[in-house]
Each structure stands twice: as C-alpha cells, then as structure tokens.
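I opened this notebook to record what I looked up, residue by residue.

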Amino acid sequence: MRIQVRGANNFVVTGAIEEYISNKVGSLEKFIPQSQNLEARVNVKIYDLTQKVEVTIPGKQFILRAEESHNDLYAAIDLVVDKLERQIRKHKTKANRKIKEREGIKDYFSSIGDEIEIEVVEETPYKVKQVHLKPMDVEEAIMQMELLGHDFYVYRDQQVDAVCVLYSREDGHYGVIETNH
C-alpha cells in the first residue's frame, strides 16, 4: 500500500510524523487482500487547539474513509487507524455472513461450473455465454459481482421479478438496469 501524507493549514509534515503515519496506516495492509494495489491519502490539519487527521483509501469494491480530531496528533492518528480497522472488519464480516447465508460456499463453487456454459463460435470477435439466472436481491448480486471480480453482473431480481444488470460506476457506487422482460 502506498501512503501519501499531506499537511494542510500551513502544517509541515516532519519525517517522524510521516514515519509514524506510515507505520500505523501500513498496519492495515494485513486486513486487505494483496491483489489490490491501494493508495492511502492522509491529510493532517492543525487548528488552534486540535489536530485533525483524515484518511481515505479508495479500493475497487469499497472506499474506506475516516477522520478524527484530538489535541494530540499521535492520538488522532491512533484513533483514525482504529476506526478504519473497524470499517474493514465490518466489511469482511458482512461479506462472510452473506456467503454463509447462501446454500454454502462449497456447494456454490461446485455448482458454478454447471450454471455457465461457454459456446465458442469460430471467426467471430466475441464469446457467447449462457447463464442460469438465479433469483436474488441486489445485495447478493453485489456480493456475486465482487466475488467474480467483474464490472457488471446479470441476475433476476426477486423483488421486481425482472432480469437486471448490476454495474460498477466510476464514482465507486453501483447502478442497476432493470429490463421490462
């Protein structure tokens, strides 16, 4: 994880402070998959009696952001790292709970080969995939898309009973296209 530290309000970040921030924010790396090349942006602002630390870590499936103010800069850094760690744990717990709620991860991965059939047509610039559309809600579709690592996911929405396309937006959020069939 790359860590970018910036001072604001005429605050100059010293080497000791930058090293402390790098060690603390870098400790979060053990909770994040190694496949994600992340950059943590840390802003340090000094006011009259308080110091404020803001950390933003944009990822592919999530954006971690936290800010803390304290009269001691090192305490503010510790508090913001604790807050980020709680966010990561919450995200992982939610993901694990969703996987366990379904029929079971072993059954899911053993049956995924049966659901997707790939038909290769020679001399065409595209592939044709046939997908069995399992009814699910938007949250489960998001989880499936994140597990596959794709930018979009086609599913049958159980609430509106329609084929929908879930996609990742450039702003880090998700969008859903509902069809009328």
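In which strand does Y153 lie? I found Y153 in strand 8, which covers residues 152-157. I am working on a predicted model, and I keep that in mind throughout.

**Entry: Y153 and its surroundings**

I looked up the accessibility of Y153 next. Its relative accessible area is 16%, and the cut-off for buried is under 20%, so Y153 counts as buried. I then listed its contacts, leaving aside neighbours within four places in sequence. Y153 is in contact with M136, A141, Q144, M145, L148, C164, V165 and L166. I also checked one C-alpha distance. Y153 and Y167 are 14 residues apart along the chain, and their C-alpha atoms are separated by 6.4 Å.

**Entry: helix 4**

A141, Q144 and M145 sent me to helix 4, residues 138-148. I asked which residues of this helix are buried. They are E140, A141, I142, M143, Q144, M145 and E146. I noted a general point here: an α-helix has 3.6 residues a turn, so residues three or four places apart point the same way. After helix 4 comes G149. I read its phi as positive, near 75°.

**Entry: nonpolar cores**

How many residues does the largest nonpolar core have? I get 24. Those with the most contacts inside this core are I21, V42, V53 and I57. I then looked up where the core residues come from. Helix 1 (15-26), strand 2 (39-46), strand 3 (51-58), strand 4 (63-70) and helix 2 (73-101) each supply at least two. Helix 2 gives the largest share, seven residues.

I went back to V53 for its contacts. Leaving aside neighbours within four places in sequence, V53 is in contact with V42, N43, A66, E67, E68, L73, A76, I77 and V80.

**Entry: E68**

I place E68 in strand 4. What does E68 touch, not counting residues up to four places away in sequence? I list Q51, K52, V53, A76, L79, V80 and K83. With K83 there is also a polar contact. The side chains of E68 and K83 are joined at 2.8 Å.

**Entry: aromatic pairs**

I searched the whole structure and found two aromatic pairs. Y20 and Y74 form one: the ring centres are 4.7 Å apart and the planes stand at 85°, so I log the pair as edge-to-face. This pair links distant parts of the chain, with Y20 in helix 1 and Y74 in helix 2, 54 residues apart. I looked up accessibility for both. Y20 is partly exposed, at a relative accessible area of 24%. Y74 is partly exposed too, at 33%.

Y153 and Y155 also form an aromatic pair. I log it as stacked, with 6.5 Å centre to centre and 20° between the planes. Y155 counts as buried, at 1% relative accessibility.

**Entry: E170**

Is E170 buried or exposed? Its relative accessibility is 87% and the cut-off for exposed is over 50%, so I count E170 as exposed. I found E170 in the loop between strand 9 (162-168) and strand 10 (174-178). I ended with a C-alpha distance from E170 to K60. The two residues are 110 apart along the chain, and their C-alpha atoms are separated by 9.9 Å.

How values were computed
Residues numbered from 1 in each chain as written. Predicted model: local features only at pLDDT ≥ 70, side-chain atom pairs only at ≥ 80, totals over all residues. Heavy atoms only, no water. Core = buried A, V, L, I, M, F, W, Y, C linked by side-chain atoms within 4.5 Å. Buried < 20%, exposed > 50% of the residue type's maximum accessible area, 1.4 Å probe, protein only. Helix = DSSP H or I, 4+ residues; strand = E, 2+ residues; numbered from the N terminus. Contact = heavy atoms within 4.5 Å. Polar contact = N/O pair within 3.5 Å; in protein donor to acceptor, adjacent residues only side chain to side chain. Phe/Tyr/Trp six-rings, centres within 6.5 Å; stacked < 30°, edge-to-face > 60°.
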